[in-house]
Amino acid sequence: MRTTLIQSALLLSALSLATACGNPAVDPDATFAANGTVNNEIGQPLANAEVRLIKYSSDLQLLAPTVDELFSDSPRGDNEVGLDVSVVQTARTDSNGKFVMSFKGADIAAPGGYTTGEGLVEVATVVLVVRDPADPLKRAGVYTYPKLFMQSDKEWGAGTMNLLASEAIADTSIANINGLVKLSWKKIPQGSSMVRNTYRVTIGAPDNTSPRLIIRCNEGNDVVDGQCTQDPENNAKVARFISAYSLYRYYSSGGMFAAYLEANSPDYRFVSKFVVPAPVPNNTGDRTDVGIEGLWAVSTTADQPLLNTPATDGNPDTRVAITIPNATAIYAKLSPALVSDAGVLNTILRNAENGCVVLEFSVTAFPDLAGAKGSSAAMWVKKGKFCGENGAKDEISALAGFDTTGSDGVVAAWMRVRAEADGAGSNPYFQAIGEVAVLKKR
């Protein structure tokens, strides 16, 4: 799948720096420099750490690479959308954690950028990326906000870049008790900002052989609205609980998985690896599919049956296209049951970047789709909200797991997944369904 290239809260943003005429122009023969210091999680100098200066550019400077692209071995961008990404220079920190780079204006020029009558060339946007040497997968580290060199600003002092002391742990020890995996991490200082911190968690098989589950959440305590709740065992940390069954079945390799946390501070941005003390246990024997008696995509003008299609084949990598226009809801008629895990996987939602999907249940056994569609909002109970792209372009997964310690789950006769705009965003609608998963305890 092609990685998404449109900006989000945790992607690089060049919009505030770009102008109608493009980025600034510099002398291609002039010498430019970047320097800084890299520390480990406890503030000690990190020696022999790899530091890369990466440049990127696109038409009108409106696109930016994803975090995955920045941390890849060979960032290249995407020719399909006109985004160019490349490594300008690589350096290693010394015994004091310090690094220095020197390069020419031609090295940071934007490919295909303009040249002035005086021979100055348009620069690309650059970032410094440090990959944590302790992470064998090279996905963790720290990186800067975007930088634009100018003819009058040739030296970049990037300051002290500390790896994030996230204390991130993926606790699988409770999975056989309540069916959940607990993800917890230390809160990021907000500084003077009153905006709640936003986090992005990526989970998948270490060797990338599985699909990835990507979760975004803000600090808060309304889990129904998809927020990261305060860790009940440590008020300095936040937590998010996910379905152990779904993690094992869809997003791991025999229970083995890797998880990464993305977060921002006022000065830098981070990717921190979760400690995974043990693989998620195979509890597939504890779960079974709830019988889906009917499944439809619904718009204001038409319905599309989805039962016995790739939406219900048990494989999230297959999809069924939604052929009706502007489908804003998925309705599932269930064999009434106590649901333990439910949602949609790897689904294409048009305008997902600025959209959300809301997961709801009803205990009322409506006889048919018309009865479910005509019911009042009071007959549905919201159980989860998932916002923003969390996979490839316009891709979203909205999967909820319910604590089964004291009960067997949530009573449900119908499930509904609604698409709605996130704030003032464009109205989203379903274009393809990867998998509708509804499970119960055996």
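**Entry 1: overall build**

I am working from a predicted model, so I keep that in mind throughout. I looked up the secondary structure and got four helices and 29 strands for the chain. Next came the radius of gyration: it is 24 Å, close to the 22 Å that the globule rule gives for 442 residues, so I note the chain as being as compact as a globular protein of that length. Along its principal axes, the C-alpha trace spans about 75 × 45 × 40 Å.

For contacts with a separation of 6 or more, I see 75% coming from residues 24 or more positions apart.

**Entry 2: how many disulfides?**

How many disulfides does the structure hold? I find two. With the bonded cysteines numbered in sequence order, they pair 1-2, 3-4. A reminder to myself: a disulfide is a covalent bond between the sulfur atoms of two cysteines.

**Entry 3: Cys217 and Cys228**

I put the sulfur atoms of Cys217 and Cys228 at 1.6 Å apart in the model. The link is right-handed, with 55 degrees about the S-S bond. Buried or exposed? I have both Cys217 and Cys228 down as buried.

**Entry 4: Cys356 and Cys387**

My other disulfide joins Cys356 to Cys387, S to S 2.0 Å. This pair links distant parts of the chain, 31 residues apart: Cys356 belongs to strand 24 (residues 355–362) and Cys387 to strand 25 (residues 381–387). The torsion about the S-S bond of Cys356 and Cys387 is about 100 degrees, so I log this disulfide as right-handed.

For burial I needed the cut-off, which is under 20% relative accessible area for buried and over 50% for exposed. Cys356 has 0% relative accessibility, so it counts as buried. Cys387 comes out at 25%, so I put it down as partly exposed.

How values were computed. Residues are numbered from 1 along each chain as its sequence is written. This is a predicted model: local features need pLDDT of at least 70, side-chain atom pairs count only at pLDDT 80 or more; totals for chains, interfaces and linings use all residues. Side-chain values use heavy atoms; hydrogens and water are left out. A disulfide is a pair of cysteine sulfur atoms within 2.5 Å. Buried means under 20% relative accessible area, exposed over 50%, partly exposed in between (1.4 Å probe, protein chains only). Helices (H or I, at least four residues) and strands (E, at least two) are DSSP runs, numbered from the N terminus. The radius of gyration is taken over C-alpha atoms; the globule rule is 2.2 Å times the number of residues to the power 0.38. Contact means heavy atoms within 4.5 Å.
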